[in-house]
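I opened this notebook to record what I looked up in one structure. The entries follow the order in which I consulted it.

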Amino acid sequence: FVLFLFCFFLNTSSIVLQEAKCAYIIIIMAVYWCTEVIPLAVTSLMPVVFFPLLGVQSSKSVCLQYLNDTNMLFVGGLIVAISVEQWNLHKRIALRVLLILGVKPALLMLGFMIVTAFLSMWISNTATTAMMVPIVQAVLEQMDNTEYDVTMMEQATGQTNTVTELQEKNVSDPTTVQVPDDPRSSEEKKMKKRICKGMTLCVCYAASIGGTATLTGTGPNMVLKGQMNQLYPNNNDVVNFASWFGFAFPNMILMLVLAWLWLQCSFMGLNFKKSWGCGTERTAKEKAAYNVLKAEMKKLGPISYAEFNVLIMFVLLVLLWFSRHPGFVKGWANRLFPDGEKYITDSAPAVFIALLLFILPATKPKFIGWNSSMSDPEQTEEDIKKPFLPAPLLDWNVVQRKMPWSIVLLLGGGFALADASANSGLSAWLGHQMTPLGSIPPWAIATVLSLIIAVFTECTSNVATATLFLPVFSSMAASVKIHPLYVMLPGTLSASFAFMLPVATPPNAIVFSYGHIRVLDMVRSGIVMNIIGVFCVTLAINTWGRPMFDLDTFPTWANST
C-alpha cells in the first residue's frame with residue numbers, strides 16, 4: 001500500500017525525472033530479490049504494474065519483454081532437457097562414463113566431476129546434482145561396508161592371538177584383560193570422512209562450473225544473451241550458441257581441472273600411488289564401487305526405443321545450434337533460407353526439436369493388418385484394447401510439472417528492467433557517472449567486477465545478480481569506451497560462482513542436505529574455488545576471448561550516440 005502511495009506521489013510530481021522513477025523501482029526490486037520477502041518470480045512481475053503507473057513505459061512495451069526470443073530459447077532448451085531426464089538418458093550416460101574411467105579414488109572423483117559438468121551443460125544444474133548425489137552416496141556406502149567387513153576379518157585373527165598372549169602373561173592378575181585399540185582406526189575414520197566430503201562437494205561444484213559452458217546451461221548466460229539483444233539491437237548476433245561455447249568451454253575445462261586438483265589436495269592428499277593406484281591392483285573397496293556402478297547400469301537394461309529417439313533429437317539440436325551461424329563459414333540459416341541469418345535465431349531450432357518431442361512415438365510403431373480373422377483372436381483382442389497411436393516421447397503434463405516457470409518470469413523481469421533503463425535514460429546517466437573509471441586499465445576493472453559479483457552471488461539468486469549488474473556494466477563500458485563484453489562476459493560467468501554457502505545455489509543445498517559436510521567445510525573450499533573461478537575468467541577474457549570477440553576495439557553497434 002505504501003509502495004502504491006509513493007508511486008502515486010512520484011507520478012503526480014513534475015520535478016521527479018524518468019530516470020529517478022525507473023531507479024526507484026529497480027532499487028525496490030533489488031532489495032526484494034536480495035531479501036526474498038516475497039518469491040523471486042513474484043518480484044519479477046513488479047515492472048508490469050509500476051512502470052505504467054509511473055509513466056516510465058506502457059504496459060504493452062513491458063509485457064513484450066516477458067516472452068521474447070531469449071526466453072523462447074530457454075523454454076525450448078528446457079523442454080529437451082526434461083525429455084532427457086524423463087527417459088533416464090542422463091543416468092545411462094553418467095554410469096557409462098564412470099565405468100570407463102575406473103574407480104581409483106582420484107579417477108572416481110574426476111569421473112563424477114566430468115559427468116556432472118557435461119550433464120549440467122544441457123540439463124539444469126539442480127536436476128544433475130539430484131541425480132548424481134545418490135549415485136555418489138551408494139558408491140561411498142558400498143566402499144565403507146566392504147572396508148568394514150575386511151577390517152573385521154583382519155582384526156578377528158589378530159585380536160584372538162593378542163588376547164591369548166595377554167591371558168598367559170596375566171594368569172596371576174585378576175583384573176580384566178584389555179585389548180589394545182588399533183591406532184590406525186581413528187585415522188582411517190577421519191580419512192573416510194574427508195573422502196566423503198570431497199566426493200560430495202565435487203558434484204555441486206562441477207554442476208555450477210558445467211552450466212557455464214553452454215548458452216542454455218544456466219540462467220545468467222541467458223540473461224547476458226537477452227541484455228545484449230535488448231541494449232544493442234544491432235550487435236550482429238555476437239553472442240550466439242557457437243560463439244559462447246567457443247569462449248566458455250575451454251574456460252570450463254580449465255576450471256574443472258583446477259577444482260579437481262584443489263579438492264584432491266584438500267581432502268585426499270597428493271599420494272599418487274594411493275589415489276591413482278599406479279602399479280597396484282584393485283582393492284576390495286574399489287571392486288565394491290565398480291560392482292555398484294555395474295548393478296545400477298544393469299537396472300537400466302538395454303537402451304530403449306524412446307531413449308534412442310531422445311538421443312537423436314538431442315544430438316540434432318546441438319548440431320543445428322552449432323551450424324546455424326558458425327562464423328567462419330555460412331551456416332544453414334543462410335544457405336537454406338533467404339536472409340535466414342536476419343530472421344532465424346537459436347530459439348527456432350530449440351522450439352522445432354521441442355515440437356518433435358511431442359510428436360515422435362515413445363514405442364516402435366506396429367502396423368496391424370486390416371483383416372483381423374487371419375491373426376490370433378486373443379492377440380487381436382489385446383491389440384484392440386491398446387490405443388491406435390503410441391504415446392509421444394514427451395507429455396505436456398510432465399513438462400508443466402518440471403518446467404521452472406519461476407526462472408522464465410525472472411528472466412522476463414530482468415529484460416523489462418533493462419529495456420526501461422535504456423528508454424528512460426537511466427543507463428545513460430549511470431554511464432556518465434562512471435566516466436572517471438576510464439583511467440583504470442580494463443583488465444583491472446574486469447577482475448574487480450568479477451570479484452564483486454562472485455561475492456554478491458553467494459547471498460542472492462544467480463539470475464537476479466546478473467539481471468541487476470549487467471545493465472550497469474553495459475553503461476560503464478559505454479562511458480569509458482571499452483567493449484561491453486569485456487566486462488559483461490566476466491560478470492556473467494562470475495554470477496555462477498556460488499561455491500561458499502549451502503543457500504547460494506540449489507546444488508549446494510542438495511549436497512549439504514546429505515549431512516557429510518558442514519558450512520565451514522563449504523566456506524573453506526568455496527573461497528579457493530571463487531579465486532580459481534575469477535582467475536580462469538580473467539585469463540580467458542584476456543587471451544582467447546580478445547580475438548574471438550574483438551575486445552580491443554569499441555564496436556560501432558555499442559555507440560549509443
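Entry 1: The model is predicted, local features need pLDDT of at least 70, side-chain atom pairs count only at pLDDT 80 or more, and totals for chains, interfaces and linings use all residues. Residues are numbered from 1 along each chain as its sequence is written, and side-chain values use heavy atoms, with hydrogens and water left out.

I then looked up which residues make the contact (heavy atoms within 4.5 Å). On α6 they are Asp69, Thr70, Leu73 and Phe74, and on α11 they are Met222, Lys225, Gly226 and Asn229. By class, this contact has 3 nonpolar, 3 polar and 2 charged residues. (Ala, Val, Leu, Ile, Met, Phe, Trp, Tyr, Cys and Pro count as nonpolar, Asp, Glu, Lys and Arg as charged, and the others, Gly among them, as polar.)

Two packed helices are described by the angle between their axes and the distance between the axes. For α6 (residues 69–86) and α11 (residues 219–231), I recorded an angle of about 155° and axes 9 Å apart. (Axes are lines fitted to C-alpha atoms over the stretch in contact, and angles run from 0 to 180 degrees between N-to-C directions.) The angle therefore makes α6 roughly antiparallel to α11 (over 145 degrees; under 35 is roughly parallel, 65 to 115 roughly perpendicular and the rest oblique).

Entry 2: I found α24 (residues 462–480) packed on α25 (residues 484–494) at about 155°, with axes 8 Å apart. That angle makes α24 roughly antiparallel to α25, and their crossing is right-handed. Leu470, Phe473, Ser474, Met476 and Ala477 of α24 meet Pro484, Val487, Met488, Gly491 and Thr492 of α25. I sorted the residues of this contact into 7 nonpolar, 3 polar and no charged.

**Entry 3: one tryptophan.** Is Trp321 buried or exposed? I located Trp321 in helix α15 (residues 305–324), and with a relative accessible area of 3% Trp321 is buried (under 20%; exposed is over 50%, partly exposed in between, with a 1.4 Å probe and protein chains only). Leaving aside neighbours within four places in sequence, the contacts of Trp321 include Leu73, Phe241 and Pro349. Trp321 and Pro349 are 28 residues apart in sequence, yet their C-alpha atoms are 7.1 Å apart.

**Entry 4: the whole protein.** I noted 28 helices and 0 strands (DSSP runs, H or I of at least four residues for helices and E of at least two for strands, numbered from the N terminus). Of the 561 residues, 50% are buried.

Definitions and conventions
Left-handed = near helix turned anticlockwise from the far one by under 90°.
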